[in-house]
Amino acid sequence: MILEGINDIHKANIIHRDLKPQNILINLATFKPSIIDFGLSLFLDQTITSKSYKRCGTMGYMAPEVIENSGEFKKPYTNKCDIFSYGIIAHMLLMEFNPVKGENYDQTYSKNRECEISINKAKANAKWGENCYIFLTKLLSKYPQFRYDVDQALKSEFFSQKFVVHDKEESYV
């Protein structure tokens, strides 16, 4: 459901740029997530300049291409930076840890910038099915051109498999 919210944001030509667990609220009655805090978001319209593509967000959740955008040489990046951030969140939910978090800010910065992510394929697939590793890998690609966009992520085979939840089979959509 978080991806559906990201899809709505992207359809409105908005890049959130600060997706992290603290910016996702869960309605306890419906368990439906809501994405909040659009303070760093970027509305993609005709008034965008290169200065609009600044480095912003929260270290440990930023896409590598956003981290690299510092100084005078800012390059446009796409809404796939939100997909990377979602990938970190998905990894945290599925594998129970942030894959780029270091012991201090400098280590987190380095791991995040270099995209030093090692996903345990056997553990991911054993825990969540054979499509989990591919799903996480496609969300967390260092290079945006190899990263899922929101439509590809929503159509991932990961969401079409069955999971056992409280001894009942359910599918995630």
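This is a predicted model: local features need pLDDT of at least 70, side-chain atom pairs count only at pLDDT 80 or more; totals for chains, interfaces and linings use all residues.
Figure 1. Residues are numbered from 1 along each chain as its sequence is written, and side-chain values use heavy atoms, with hydrogens and water left out. Of the 173 residues in the protein chain, 42% are buried (buried is under 20% relative accessible area, exposed is over 50%, and partly exposed is in between, with a 1.4 Å probe and protein chains only). Seven helices and six strands make up the count of elements for the protein chain (DSSP runs numbered from the N terminus: helices are H or I with at least four residues, strands are E with at least two). Walk along the sequence and you get α-β-β-β-β-α-α-α-α-α-α-β-β. Among contacts with a separation of 6 or more, 58% are between residues 24 or more positions apart; a contact means heavy atoms within 4.5 Å.

Figure 2. The side chains of Arg147 and Glu65 form a salt bridge, 2.8 Å from N to O (the rule asks for a side-chain nitrogen of Lys or Arg within 4 Å of a carboxyl oxygen of Asp or Glu). Arg147 sits in the loop between helix H6 (132-139) and helix H7 (150-154), and Glu65 in helix H2 (residues 64-67), so this pair ties together parts 82 residues apart in sequence. Both Arg147 and Glu65 are buried. By the rule used here, the model has six salt bridges.

Figure 3. Lys127 makes a salt bridge with Glu96, their closest N and O atoms being 2.6 Å apart. Lys127 belongs to helix H5 (residues 121-128) and Glu96 to the loop between helix H3 (80-95) and helix H4 (105-114), so the link spans parts 31 residues apart in sequence. Lys127 is partly exposed at 37% relative accessible area, whereas Glu96 is exposed at 61%. Have a look at the backbone of Glu96 too: its phi is positive, about 75°, although Glu96 is not a glycine. Most residues other than glycine have a negative phi.

Figure 4. Glu114 and Arg113 meet through their side chains in a salt bridge of 3.3 Å, N to O. Both are partly exposed, Glu114 with a relative accessible area of 30% and Arg113 with 28%. Through shared partners, salt bridges join Glu68, Arg113, Glu114 and Lys142 into one network.

Figure 5. Ile26, Leu28 and Phe31 make a nonpolar surface patch of about 370 Å² (patch residues have over 30% relative accessible area and no salt bridge; nonpolar side chains, namely Val, Leu, Ile, Met, Phe, Trp and Tyr, are joined within 5 Å, and like charges within 9 Å). Leu28 lies in the loop between strand S2 (24-26) and strand S3 (33-35), and is exposed at 70% relative accessibility.

**Figure 6. Asn13 and its positive phi.** Asn13 is another non-glycine residue with a positive phi, near 60°. You'll find Asn13 in the loop between helix H1 (2-11) and strand S1 (14-15). With a relative accessible area of 39%, Asn13 is partly exposed.

Notes:
Accessible areas come from the Shrake-Rupley method with a 1.4 Å probe; for residues, only the protein chains shown count as cover.
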